[in-house]
Amino acid sequence: MAKQILVTGGTGFIGSHTVVELQNNGYEVVIVDNLSNSKIEVLDQIEEITGKRPKFEEFDLTDKNKVKAFFNEYSNLDAIIHFAASKAVGESVEKPLMYYSNNLNSLMNIMECMSEFNVKNLVFSSSCTVYGQPDQLPVTEQTPRKEAESPYGNTKSICEDIIRDTVAANNELKGIALRYFNPIGAHATAKIGELPLGVPNNLIPFLTQTVAGIRPELSVFGDDYNTPDGSAIRDYIHVVDLAKAHVVAIERLLNDKNKANYEYFNVGTGNGVSVLEIIESFERATGEKVPHKIVDRRAGDIEQIYADTSFANEELGWTAQSTLDETLSSAWKWQTNIMETEK
Ligand code: WQD
């Protein structure tokens, strides 16, 4: 009997790529999503890629009664991957209460049902934002968490504590938090990818929309940082590599390979890349020019962060495989495919 995995937020960017990898590895998947930041057509694309259509339930995870009814109906879940959350940094500064309410209540509703319905295993979508601006680089899992730069980042930190404390109180439960660095790119088929609604906040979708002529010019937020070329540095990881880390984390829990009931891992490439290096790499990888200008720093941005990935490499037996050029090319292929399908 195939193991059944609940993927909340499974029609989203990272969620949909993870559903593809789970189904390619023989797992049965049920997605719960409220479609507030994704499109139901993603289910068609997942079916086209994998030959299997995941089960799908549309409701909001902050609705406790609906969550309970779902767990009643799907009584043989083996594990949960929880992606569903509001995730726009800037919006979280304007609407902190919405972020705390949505991101914390959805997790708490799920964890209450895990205890009640005996679903033991949880993988949680966390973020390197919990490190703030680290004092040392690269960051390891021992690097102390810092005051998050935004309410969004703070919800990730608080959710990690909720999981840590809940599994400590109920040792039947086990949790793994994956601290993502900067997920970018798209599936090789270009059938799924990042679908930002409105003007993209993140670098890569804004860059590809600029090259596509949808945006006039990319603004580089600052070239006066204390970095080799002055622009800010991040650890950009291919979303498919990130998705595969979730499958490995699920298997660690299902096979009882975890060494503690709560574990957390940095999931990055280990390479720090600046904004200007991203532009150079994109132009080299695609042959396309990126119209851009240097402007002032963006409020709340940190100067640089990139991961020490040795713990995930050794403990999970997982390493990011894609090169930066391959990753940026996949982002461009996705952008050109969207434009084709929207014609
Ligand atoms: C990357 C770099 C910008 C846009 C955020 C969240 C993080 C995660 C990923 C959810 C920065 C620069 C950007 C632009 C630019 N989100 N930039 N021009 O801020 O590192 O991380 O998104 O999990 O939690 O904090 O990602 O893509 O916004 O920015 O110069 O138009 O690109 O200053 O240096 P960020 P980003």
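A polar contact is taken here as a pair of N or O atoms within 3.5 Å; within protein, one atom must be able to donate a hydrogen and the other to accept it, and residues adjacent in sequence count only if both atoms are side-chain atoms. The structure is a predicted model, in which local features need pLDDT of at least 70 and side-chain atom pairs count only at pLDDT 80 or more, while totals for chains, interfaces and linings use all residues. Residues are numbered from 1 along each chain as its sequence is written, and side-chain values use heavy atoms, with hydrogens and water left out.

His17 lies in helix α1; helices (H or I, at least four residues) and strands (E, at least two) are DSSP runs, numbered from the N terminus. The side chain of His17 reaches the backbone oxygen of Phe13 at 2.8 Å. With a relative accessibility of 1%, His17 counts as buried, where buried means under 20% relative accessible area, exposed over 50% and partly exposed in between (1.4 Å probe, protein chains only). Contact is defined as heavy atoms within 4.5 Å. Apart from neighbours within four places in sequence, His17 is in contact with Ala186, His187, Ile192, Gly193, Val239, Val240 and Ala243.

Thr8 belongs to strand β1, which spans residues 4–8, and is buried at 0% relative accessibility. A polar atom of the Thr8 side chain lies 3.0 Å from the backbone nitrogen of Phe83. When residues up to four places away in sequence are not counted, Thr8 touches Val32, Leu61, Ile81, His82, Phe83, Ala84 and Ile110.

Two further buried residues lie in loops. Leu77 is found between α3 (64–73) and β4 (79–82) and has a relative accessible area of 7%. Not counting residues up to four places away in sequence, Leu77 touches Gln4, Leu6, Val30, Phe70, Phe71 and Val119. Asp165 is 88 residues from Leu77 in sequence, and the two are 22 Å apart in space, C-alpha to C-alpha. Ser150 is placed in the loop between β5 (121–127) and α6 (151–169) and is buried at 5% relative accessibility. Beyond neighbours within four places in sequence, Ser150 is in contact with Val89, Ser92 and Val93.

Helix α2 (residues 42–50) has Val42, Leu43, Ile46, Ile49 and Thr50 as its buried residues. Seen down the axis of α2, these residues fall within an arc of 125 degrees, so they line one face of the helix; the arc is that of the directions from the helix axis to the C-beta atoms. An α-helix has 3.6 residues a turn, so residues three or four places apart point the same way. The buried residues of α2 pack against α1 (13–24), β2 (28–33) and β3 (55–58).

Several backbone features occur in loops. Most residues other than glycine have a negative phi, and most peptide bonds are trans. Leu35, in the loop between β2 and α2, has a positive phi near 60 degrees and is partly exposed at 21% relative accessibility. Asn118, in the loop between α5 (96–117) and β5, also has a positive phi near 60 degrees; Asn118 is partly exposed, with a relative accessible area of 49%. A cis peptide bond joins Leu137 and Pro138, with omega about -5 degrees. Pro138 is placed in the loop between β5 and α6.

The second largest pocket has a volume of about 280 Å³. Its lining comprises 20 residues, of which Glu194, Pro196, Gln209, Gln335 and Ile338 lie nearest the centre. The elements that give two or more residues to this lining are α7 (203–211) and α11, and α11 supplies the largest share, six residues. By class, the lining has 11 nonpolar, five polar and four charged residues. In this classification Ala, Val, Leu, Ile, Met, Phe, Trp, Tyr, Cys and Pro count as nonpolar, Asp, Glu, Lys and Arg as charged, and the others, Gly among them, as polar. A pocket is, on a 1 Å grid over the protein atoms alone, an open set of points where a 1.4 Å probe fits, with protein on both sides within 12 Å along at least five of seven lines; lining residues have an atom within 4 Å of a point. Grid points are joined across faces, edges and corners, and the volume is the space filled by probe spheres set on the points.
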